[in-house]
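Let's go through this model together, one question at a time. Have a look at the sequence and the structure before reading on.

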Amino acid sequence: MLSLLVRFVLGPLVRVLYRPRVEGVENVPGHGPVLLAANHRAALDTGVITFTTPRKVRFLGKAEYFTGKGLKGRFIARSLDALGYVPVERGNAQAGLAALEAGRKVLEDGGVFAIYPEGTRSLDGRLHRGHTGVAALALSTGAKVVPVALFGTEGLQPDGARIPRPAKIRVRFGAPLDFSRYEGMESASAIRRSVTDEIMYAILELSGQEYVDSYHKRPDDKSA
């Protein structure tokens, strides 16, 4: 019921209120496993992708958000599931493997999974080097990769704002990328790097951002 509410009531309402400009949505295959690889501009990027993609999209979500007790906890967990979040443990040595496994399950079931190859939100507006997890998922599942460029989402919820504000939002879906030529080669690190770079270049062409060939450092990263 909540999934239907999100898809057929909340989704149209959000599109009417914020009027995102959506381009190339026909590039999202109507069936089969699809991996959406997007740039990451703001915390609300996930919601924007959810409400502008014609198919239900799954994302990673912190497992603790799904473990609340009582009626409120159950409601939050079901709401997050309806919005497409997949619970995964974070903050431990196995977090990266758990994240890839969660994405792999979605794709192997023929679903749509979205990932931000940069690994974190860009704080300087530039597009940073992608982590190879996106390639590992694409190569191990055979999913088509659809590059996605988000524009203006950082204006939806400026610092201190609790409610999203009107902003000029644009979402551009690129042509699907097929990496079947590398079938059976996902264990080769050079292949994963090459595939990741090809995906990042496709995002770059869509977004027009300045590219930085280094990983984005998180604000709390002491080595930054």
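Q: Is Arg126 buried, exposed or partly exposed?
A: The relative accessibility of Arg126 is 29%. With a 1.4 Å probe and protein chains only, buried means under 20% relative accessible area, exposed over 50%, and partly exposed in between. Arg126 therefore counts as partly exposed.

A quick note on the basis: this is a predicted model, in which local features need pLDDT of at least 70 and side-chain atom pairs pLDDT 80 or more, while totals for chains, interfaces and linings use all residues. Residues are numbered from 1 along each chain as its sequence is written, and side-chain values use heavy atoms, leaving out hydrogens and water.

Q: Which residue forms a salt bridge with Arg126?
A: A salt bridge here is a side-chain nitrogen of Lys or Arg within 4 Å of a carboxyl oxygen of Asp or Glu. For Arg126, the closest N and O atoms of the pair are 3.1 Å apart. The partner, with a relative accessible area of 37%, is partly exposed; its name is Asp124.

Q: How many residues apart in sequence are the parts that Glu23 and Arg170 tie together?
A: Glu23 and Arg170 form a salt bridge, with closest N and O atoms 3.6 Å apart. Strands are DSSP E runs of at least two residues and helices H or I runs of at least four, numbered from the N terminus. Because Glu23 lies in strand β1 and Arg170 in strand β8, the separation of the joined parts in sequence is 147 residues.

Q: Which side chain makes a polar contact with the side chain of Thr153?
A: Thr153 sits in the loop between β7 and β8 and counts as buried because its relative accessibility is 1%. A polar contact is a pair of N or O atoms within 3.5 Å; within protein, one must be able to donate a hydrogen and the other to accept it, and residues adjacent in sequence count only if both atoms are side-chain atoms. At 2.6 Å, the side chain that Thr153 meets is that of Asp45.
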